[in-house]
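Dear colleague,

I am handing over the structure below, and I would be glad if you could read the notes that follow with the coordinates open beside them.

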Amino acid sequence: MRLLAVQLRHPEWVGSHGSAAALYGIPALPRGRSVRRGRAARAVGDEVVELTDPRRRGQTRVPGVVVHALRLAAREITVVAGVRVTTALRTVCDLLMTLPAHEGVIAADFVLAQGLADRQQIHEALGPDGQDGCRRRNMRTARAALALTDPASGSPAESMARLWMHGAGLYPESQVEVTTPNGRLLRLDFLFREEGLGVEIEGYTWHGSRSAHQSDILRFNELSGCEGIRQVLRFSGDDVFHRPRLMMHSIQEALSRLRESAGSSIVVADVHPNIPSYEGALPCPSSTGSRPPTTRR
């Protein structure tokens, strides 16, 4: 409603970035996140609406409104819920260009998983590097984040867990189908096939009913009995976003035990992975970063 109200007063502005993402159902962005505008960065909370001015003026004194001065082609504008907004493809490109890289990966994972765009379309839509130093830097970050996406990701927590594991040099298979002893097909979030370690990320949905809780327990027991799976670890969204080092310690200790019991001579990496900064090769935040996004799973 706030977005529509602003647009009625400024019909040339187009809802974009975080506001367009909300209309597409892209996982909510955390409070206090930062958006980069040229060389400057400013905090954007959930109460702020974001729009793009195709005339590239980008000036406003409207409280609670951030206006981006960017070119928009007619094909990049659509209507969602009665509001003119950027298309899903343009929206994910804007998010990749302005968000911290790990949040860009989470947003792009959702877009890919929902079939709103594919990786090649996003890569082409990002366009050339350009001459501006900030744009080149943002483009490098956007493309690096895009390369780390996985269309099989089932939730923001899964996306973030994958980034933490990759940052520690661990590359499990994602969304692996396994068969239970009674012939039932289940999908495992992550599988270290050689060691037989399964990893399940529970996201943020609370299984509040008795039947849902019972079903969850049965599923876990069935996973533990699948051929080739020797151990299953389960982690919550809070573990992923607020206790990542503890999660990684648990995963690597389990891998070490399983390798030792199998007589493997593979050396396990340091259980306290070096998490690069935002400018590093892997877009992972610090473990004390902002509140994680929420999603329905």
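The notes below take up a helix pair and then the salt bridges.

Please keep in mind throughout that this is a predicted model. Helix H3 (residues 88-98) packs against helix H4 (residues 101-113) at an angle of about 165°, the two axes being 8 Å apart. Since angles over 145 degrees count as roughly antiparallel, H3 and H4 are therefore roughly antiparallel to each other, and their crossing is left-handed. On the H3 side the contact involves Val92, Leu95 and Leu96, which meet Gly104, Val105, Ala107, Ala108 and Val111 in H4; of these contact residues, seven are nonpolar, one is polar and none is charged.

Turning to charged side chains, a search of the whole structure finds ten salt bridges. In one of them Glu76 pairs with Arg90, with the closest N and O atoms 2.9 Å apart, and this pair links distant parts of the chain, since Glu76 sits in the loop between strand S5 (65-69) and strand S6 (77-80) whereas Arg90 belongs to helix H3, 14 residues apart. Glu76 counts as buried at 17% relative accessibility, and Arg90 is buried as well, with a relative accessible area of 12%.

Glu177 and Arg187 also meet in a salt bridge, at 3.3 Å from N to O; Glu177 lies in strand S8 (residues 173-179) and Arg187 in strand S9 (residues 185-192), so this pair ties together parts that are ten residues apart in sequence. Arg187 is partly exposed, with a relative accessible area of 39%.

Definitions and conventions:
Residues are numbered from 1 along each chain as its sequence is written. This is a predicted model: local features need pLDDT of at least 70, side-chain atom pairs count only at pLDDT 80 or more; totals for chains, interfaces and linings use all residues. Side-chain values use heavy atoms; hydrogens and water are left out. Axes are lines fitted to C-alpha atoms, for helices over the stretch in contact, and angles run from 0 to 180 degrees between N-to-C directions. Helices (H or I, at least four residues) and strands (E, at least two) are DSSP runs, numbered from the N terminus. Angles under 35 degrees count as roughly parallel, over 145 as roughly antiparallel, 65 to 115 as roughly perpendicular and the rest as oblique. A crossing is left-handed if the near helix is turned anticlockwise from the far one by less than a right angle, and right-handed if clockwise. Contact means heavy atoms within 4.5 Å. Ala, Val, Leu, Ile, Met, Phe, Trp, Tyr, Cys and Pro count as nonpolar, Asp, Glu, Lys and Arg as charged, and the others, Gly among them, as polar. A salt bridge is a side-chain nitrogen of Lys or Arg within 4 Å of a carboxyl oxygen of Asp or Glu. Buried means under 20% relative accessible area, exposed over 50%, partly exposed in between (1.4 Å probe, protein chains only).
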